[in-house]
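Dear colleague,

I am passing on a structure to you with this email, and below it you will find an account of what came out when it was examined. Please keep the structure open beside the text as you read.

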Amino acid sequence: MMLDFFPDDIKPHIIPKVRGDLYYKCLGCSAEYSIEKLLYVCPECNQVLLIEDRNAKLLQKIPGKVWQKIFDFRKMLKIPALKGIYRYHEFIGPSIPLESIIYLGEGHTPVIEASENLKAKIGLSFFYKNDGQNPSASFKDRGMASAMSSIKYLIDKHLVSDVIAICASTGDTSAAAALYASYLGSSIKSAVLLPHKKVTSQQLSQPLGSGAQVFEIPGVFDDCMKIVEHLSTKYSVVLLNSKNAWRILGQESYSYEIAQDFDWDMKDKVVVVPIGNAGNISAIMNGFIKFYEANIINCLPKIIGAQSEHADPVYQYYLEPDQAKRKFVPVDTKPSVAQAAMIGNPVSMPRVIQITKKYNALARHQQVFFVQVTEQSIMDCQLLANRNGHIACTQGGECLAGLVEAFKKNIVTNKETAILDATAHAIKFSEFQDLYFKSEIPADYKIDPDLNNINQPCLILPDDPMIIPSQKKRLGEKDFKKFVNDISDKIAKRLDLTTSL
Ligand SMILES: *Cc1c(COP(=O)(O)O)cnc(C)c1O
Ligand SMILES: [Zn+2]
């Protein structure tokens, strides 16, 4: 819609104004730092940071109902910079001018209701939010659009130049980083570190195709992360891991969209998220908190974090009911089909701990829960979802497994509606589906394929091995007719096609 057509009370708010009131806040010692520097951990105490807004209180001066209207109208704008995560500019990054925003189509992902069949099987109503429909096919694009726009802003202001951006990744961060960096051209070069043989070939092909320098490192993600941390303390590089607080800020858009998708009514809503490095769940909780404090949503939805039994440090931490006695201990991971979440020492653990405390306090009761699921249930749930019209990756399967587990434990009832994060597109993780269908999943995953779930292609050959069409030698008319009849009969038999026309 053209600007002229917007109602008069909304018009002044439609194009957001740039404000420079953001700062980095250390989660350890509360020190504050300027966002005009490249900073990932506190120089004083080495803790992770979050980006805070000195003017957050001002956002509350606009009534929640007006905010809702602003965002609903802004959705109709055709300005690219405001179509994605920056539709919520005032909450996502008010210091970033529209000219510095990079928009590659991230955000505004669809929310798809589970089919009647699937709902009946699971026992309650739920939706998948398909974050696999982001440009690099995972939710990481939300945080990457934010981190890259913040870098573009520093480049535009001549505060940095010749940027080398690096990250360690379980696959999807590197795909997103390489994509956004390649869009910026020569002003930024990206290098990604991947655990050797611990990312799928689709994920490996993405940064290669975007022209990034790709380094494969023996070990698991946690080992790659240590190398990236070492590099970032010794050399002047831009860190694109979720240690980068801009990533968290951008990923808060997921919550804002859910709020808007459900017309701002969060009553009896449950948001289920898989946990790896714990950046996403931190961002999602933080996003809901900000909208709640600005009176844009009426209550805080229930949050359920799901972890595989093969990579469950956050779940283990919260097993201790006494808050004072909880102690974080990294775990050694075992092979997991939810490979993008296979992390034993989550970078964002301090964020989860602080934000969870705040979330529960604001809700005035426990509203954040953590569940553990088996590898078997992850795989079975992914296949079940996708057989019912979804495009969930294995981590999306982990979400559904988490919902089933939470339902079993009465954390969720059938009066509630769940929103599950399909964090990446199914095709990124199709290798696990292939292994399952071929009954070749290595034993240490502890998954037994359910024969009912297996699906394999079936090669149909003609009786006469000489009558086969090829690109080199076409069949004569008579032979080709014979071939078509023969193959059709065989397919009809397999499909039990009996009625003739
Ligand atoms: C990164 C990732 C996760 C885990 O998110 P964290 O922020 O690391 O907790 C889950 N699913 C997919 C597909 C991912 O790429
Ligand atoms: Zn500090």
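**What was found**

Just after helix 11, Asp-263 takes a positive phi of about 50°. Please bear in mind from the outset that this is a predicted model. As background for that first finding, most residues other than glycine have a negative phi.

Helix 11 itself, which covers residues 253-261, has eight of its nine residues buried, so it is largely enclosed by the rest of the structure. The buried residues in helix 11 include Tyr-254, Tyr-256, Glu-257 and Ile-258, and Ser-253, Ser-255, Ala-259 and Gln-260 are also counted among them.

Ala-278, with a phi of about 70°, lies in the loop between strand 10 (269-274) and helix 12 (279-293). Is Ala-278 buried or exposed? With a relative accessible area of 2%, Ala-278 falls under the 20% cut-off and is therefore buried. Asn-295, whose phi is about 60°, lies in the loop that runs between helix 12 and strand 11 (302-308).

Turning to the sheet, you will find four strands arranged as an open sheet in the order 8-7-6-9, and their pairing is parallel. Strand 8 (213-217) and strand 9 (238-239) stand at the edges, and because each has a single partner strand, one side of each is left without a neighbour in the sheet. In general, strands of a sheet pair through backbone hydrogen bonds, either parallel or antiparallel.

Which helix lies across these strands? Helix 9 (residues 221-234) lies across strand 6, strand 7 (188-195), strand 8 and strand 9, and helix 9 runs at about 155° to strand 6.

Finally, on the surface, Leu-3, Ile-15 and Ile-79 form a nonpolar patch, and together they have about 200 Å² of accessible area. Ile-79 comes from the loop between helix 3 (64-74) and helix 4 (89-92), and with a relative accessible area of 31% Ile-79 is partly exposed, because that value lies between the 20% limit for buried and the 50% limit for exposed.

With best wishes

Methods
Residues numbered from 1 in each chain as written. Chains lettered and ligands numbered in written order. Predicted model: local features only at pLDDT ≥ 70, side-chain atom pairs only at ≥ 80, totals over all residues. Heavy atoms only, no water. Pairing = 2+ DSSP bridges. Helix = DSSP H or I, 4+ residues; strand = E, 2+ residues; numbered from the N terminus. Contact = heavy atoms within 4.5 Å. Axes fitted to C-alpha atoms, helices over the stretch in contact; angles between N-to-C directions. Patch = residues over 30% accessible without salt bridge, like charges linked within 9 Å, V, L, I, M, F, W, Y side chains within 5 Å. Areas by Shrake-Rupley, 256 points an atom, 1.4 Å probe, with all protein chains shown as cover. Salt bridge = Lys/Arg side-chain N within 4 Å of Asp/Glu carboxyl O. Buried < 20%, exposed > 50% of the residue type's maximum accessible area, 1.4 Å probe, protein only.
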